[in-house]
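Open the model in your viewer and keep the selection tool ready.

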Amino acid sequence: MRRAMATARKALIGAAFAAAADRYESGAAIQRIVAKHLARMAARERIGPGARLLEIGCGTGLLTREITALWPQAELTATDLAPEMVDATARTGLDARLMAMDGEAPPFEGPWFDLILSSLAFQWFEDLPLALARLHGLLRPGGSLYFATMGAESFASWRAAHERVGIAAGLPDYPTLAQLQAMLAPFGDAFACDEHHPLPEPGGQALIRHFRAIGAHVPRPGYRPLGPAALRRVIDAFDGAGGATCYHVLYGRITHV
């Protein structure tokens with residue numbers, strides 16, 4: 001039953017991002033910033049010609065562009081849960097092998113990649129610790145996994161607006177920095193840090209438009225979306241408190257020693 005529910009949720013997530021593929025980049029200002037920051041973090045890696053790289057959750061290619069610019073002679077496989085997102089990346093003409101793939105269930109076996117990267121995709125995983133272990137197993141000795149994912153303080157003021165009107169928020173639960181550090185601790189050579197990125201446009205309506213523009217509006221499991229009246233109460237409470245909120249982004253690195 002649990003596996004069936006997880007599969008159904010993945011289908012909803014894939015469909016939401018598929019529907020947003022054509023307009024994604026119009027609302028992805030923060031995603032672009034995070035991709036560039038993650039690429040700068042990974043740029044320390046010495047990747048030679050013919051090295052194998054894997055990207056999880058390529059979306060429309062924001063991080064893919066950074067990767068191909070940094071390591072043009074590497075063999076990059078860029079993947080996404082939504083085939084429509086893969087198609088959007090394909091239209092950029094980047095030199096990469098593209099495929100639709102669930103990042104939690106990669107079809108590769110054993111140490112295969114010199115570098116794995118993922119920007120703002122891991123928050124959609126059902127079991128992040130297990131996924132990290134699987135991806136670590138795909139790294140060659142000396143290879144690293146770099147990723148960015150959502151942190152617990154993301155959209156805190158939106159959550160608070162729900163609390164003020166006595167309504168549960170549909171946002172998924174994200175880990176704190178300390179919780180992520182604990183997940184990474186078993187891997188030995190690991191690192192984590194965080195940043196906050198304010199959304200440029202304030203207001204509840206703008207936040208809802210943002211979520212829908214990038215396909216990130218699938219709520220946590222078991223949550224029933226709010227009706228118009230309840231949503232209006234939340235928006236009024238949010239706007240009344242200033243209507244500002246931010247992304248809390250966790251960055252992590254694991255190296256296979």
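Select β6 (190-198) and β7 (246-255). They pair in the antiparallel sense over 9 bridges; pairing takes at least two DSSP bridges between two strands. Strands here are DSSP E runs of at least two residues, helices H or I runs of at least four, numbered from the N terminus. Pick His197: its bridge partner in β7 is Tyr247.

This is a predicted model, where local features need pLDDT of at least 70, side-chain atom pairs count only at pLDDT 80 or more, and totals for chains, interfaces and linings use all residues. Residues are numbered from 1 along each chain as its sequence is written, and side-chain values use heavy atoms, without hydrogens or water.

Now show the open sheet: 7 strands, mixed pairing, order β3-β2-β1-β4-β5-β7-β6. β3 (97-100) and β6 stand at the edges with a single partner strand each, so one side of each has no neighbour in the sheet.

Next, the rings. The structure holds 7 aromatic pairs (Phe, Tyr or Trp six-membered ring centres within 6.5 Å; planes under 30 degrees apart are stacked, over 60 edge-to-face, the rest tilted). Select Phe155 and Phe211: centres 5.1 Å apart and planes at 90°, so the pair is edge-to-face. Phe155 lies in the loop between β5 (139-150) and α6 (156-164), Phe211 in helix α8 (204-213), so the pair ties together parts 56 residues apart in sequence. Phe155 is buried at 2% relative accessibility (buried: under 20% relative accessible area; exposed: over 50%; partly exposed: in between; 1.4 Å probe, protein chains only). Phe211, at 10%, is buried too.

Finish on Phe122, Phe125 and Phe147, which form one aromatic cluster.
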